[in-house]
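Dear colleague,

I am handing over the structure below, and I would be glad if you could look through it alongside the notes that follow.

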Amino acid sequence: MRCTVVGAGAWGTALADLLARNGHEVRLWAYEPDVVESINSKHENLRFLRGHPLSSSVEALGDVNRAVEGAELVTLSTPSHVLRRIIKSASGSLPRSAPLVVATKGIEKETLCLMTEVAEQEISGATVVAISGPSFAVEVVSCQPTAVVVASTSSEAAGVAQRAFSSPYFRSYTHSDVIGVELGGALKNVMAVATGIAQGLGLGFNAQAALVTRGLAEMTRLGAALGAEPGTFAGLAGLGDLVLTCTGSLSRNRTVGIELGKGRKLEDVLKDRETVAEGVVTAQSARELAAREGVEMPIVDTVNRVLFEGQSARSAIAALMTRELRAEVDK
């Protein structure tokens, strides 16, 4: 197929390379001119995936409208806070018959929309697919075994995406629960910041396991309130991605949390980083969404207090541990 990936960060680049290795014709839109140049001349994204050669058939473009023209499958992989603007700028050239695969993970700050909802609002009549699961870009571009979920209310569109992305090292499962799959991918980044904070404080594996487990409970609680299937959060897009992002050394969100736990200020941590840590962006949106739905999310609240309200990491964890006692399972 003729495929376009919009967004040439690490994840978008890895997906473009995967599609190309699967035999598809691939265009990759990049915002940064140096990324376009390095992919086309050196077959490597020197800014975001240095040291990882890409398929020579990936064509990088700096014009998003040219990139999406004539595409039969379009994958969106921009940072969450710019997704709406970029879709809007390309809306006139996007083929309405092409499924939109949303690889961006997050909750839009102003509207509290999930990323598939942003795509549906900007492209009337679009058939949208969410792709999520435990998948570090570096390992995907290195052809390491990976399994993800592609979710859509259209079984046909989910099947198209499943076949396009699946390879001997990249296995795609279909799902119909778009909300659950997408919410799992967004909220796990916030939980990874929390477990990173615990590690940065020098806390042990007990504390980190507790945060992962109770974090999953919070994710499931909010998902159920929004109409997701609770069982989705026990799968790849929930527990799988949560464990990877909270424990993996390649996790950007966990790394940010570690630095905060060591006492560094958020602005100092972020200014050292070129890539986006979506957990920081999503923390506030998740808190507002939970408040709107009347759902209790104490870990999300704790992360927000450390990130934006000046509470020390150590006192925030202590406050989390001394909350009112309760049953483990919601009645």
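The model, which is predicted, contains an open sheet of 8 strands in the order E3-E2-E1-E4-E5-E6-E7-E8, with mixed pairing; strands (E, at least two residues) and helices (H or I, at least four) are DSSP runs numbered from the N terminus, and two strands pair if DSSP finds at least two bridges between them. The edge strands, each pairing on one side only, are E3 (59–61) and E8 (170–175). Neighbouring strands of this sheet are turned by 25 degrees against each other on average, direction ignored. Residues are numbered from 1 along each chain as its sequence is written, and side-chain values use heavy atoms, with hydrogens and water left out. Because this is a predicted model, local features need pLDDT of at least 70 and side-chain atom pairs count only at pLDDT 80 or more, whereas totals for chains, interfaces and linings use all residues.

Strand E7 (residues 146–151) and E8 pair in the parallel sense over 6 bridges, and alanine 147 has arginine 171 in E8 as its bridge partner. Across E6 (128–132), E7 and E8 lies helix H10 (residues 236–247), which runs at about 145 degrees to E7; axes are lines fitted to C-alpha atoms, for helices over the stretch in contact, and angles run from 0 to 180 degrees between N-to-C directions.

As for the interior, a nonpolar core is a set of buried Ala, Val, Leu, Ile, Met, Phe, Trp, Tyr and Cys residues joined through side-chain atoms within 4.5 Å, where buried means under 20% relative accessible area, exposed over 50% and partly exposed in between (1.4 Å probe, protein chains only). The largest such core has 44 residues, and those touching the most other members are Ile107, Leu183, Leu187, Met191, Ile197, Leu260 and Met297. Helix H8 gives the most to this core, with 10 residues. A second, separate core of 39 residues includes Leu19, Leu49, Ala161 and Tyr169.

H8 and H13 pack at an angle of about 110 degrees, their axes 8 Å apart, which makes H8 roughly perpendicular to H13 (65 to 115 degrees; under 35 is roughly parallel, over 145 roughly antiparallel and the rest oblique). In this contact (heavy atoms within 4.5 Å), residues of H8 including Leu183, Leu187 and Val190 meet residues of H13, among them Thr282, Ala286 and Leu289.

Finally, threonine 302 is placed in helix H14 and counts as buried, at 5% relative accessibility.

With best regards
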